[in-house]
Amino acid sequence: MFFGGITGDAILKKIAVEITDKLRKSTTVDWQVRESVRARLRILVRRTLQRYKYPPDQAPEAVELVLKQAEVLSNGWTR
């Protein structure tokens with residue numbers, strides 16, 4: 001995969017760093033059980049993927065994967 005002079009791996013790394021930073025700033029202690037917060041985070045991830053022209057047909061699975069990974073990581077973010 002090649003995006004305008006940047007390799008696919010470099011783009012994916014950039015996306016991951018940006019999403020992680022945004023999620024870290026947006027999560028609250030109870031975000032995992034509040035559907036309104038989860039919905040806002042899904043939108044944040046989806047918009048970031050769209051900005052980097054992530055394949056739309058793969059985006060729903062990517063969004064859910066990102067949120068599952070964030071659940072695991074967020075225990076350390078909110079302490």
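**Close-up views of the helix 1 and helix 2 packing**

**Figure 1. Helix 1 and helix 2 are roughly antiparallel to each other, because the angle between them lies over 145 degrees.** The model shown is predicted. The axes of helix 1 (residues 8-26) and helix 2 (residues 35-51) cross at roughly 155 degrees and come within 10 Å. The crossing in which helix 1 passes helix 2 is right-handed.

**Figure 2. Residues of helix 1 and helix 2 that form the contact.** Helix 1 contributes Ile 15, Glu 18, Ile 19, Lys 22, Leu 23 and Ser 26. From helix 2 come Arg 40, Leu 41, Leu 44, Val 45, Thr 48, Leu 49 and Arg 51. Of the residues in this contact, 7 are nonpolar, 4 are charged and 2 are polar.

Figure 3. When residues up to four places away in sequence are not counted, Thr 48 touches Glu 18, Ile 19 and Lys 22.

**Figure 4. Setting of the helices within the protein chain, which comprises 3 helices and 2 strands.** From the N terminus on, the order of the elements is β-β-α-α-α. The protein chain has 79 residues, of which 33% are buried. Among contacts between residues at least 6 apart in sequence, 57% join residues at least 24 apart.

Note on methods: Residues are numbered from 1 along each chain as its sequence is written. This is a predicted model: local features need pLDDT of at least 70, side-chain atom pairs count only at pLDDT 80 or more; totals for chains, interfaces and linings use all residues. Side-chain values use heavy atoms; hydrogens and water are left out. Axes are lines fitted to C-alpha atoms, for helices over the stretch in contact, and angles run from 0 to 180 degrees between N-to-C directions. Helices (H or I, at least four residues) and strands (E, at least two) are DSSP runs, numbered from the N terminus. Angles under 35 degrees count as roughly parallel, over 145 as roughly antiparallel, 65 to 115 as roughly perpendicular and the rest as oblique. A crossing is left-handed if the near helix is turned anticlockwise from the far one by less than a right angle, and right-handed if clockwise. Contact means heavy atoms within 4.5 Å. Ala, Val, Leu, Ile, Met, Phe, Trp, Tyr, Cys and Pro count as nonpolar, Asp, Glu, Lys and Arg as charged, and the others, Gly among them, as polar. Buried means under 20% relative accessible area, exposed over 50%, partly exposed in between (1.4 Å probe, protein chains only).
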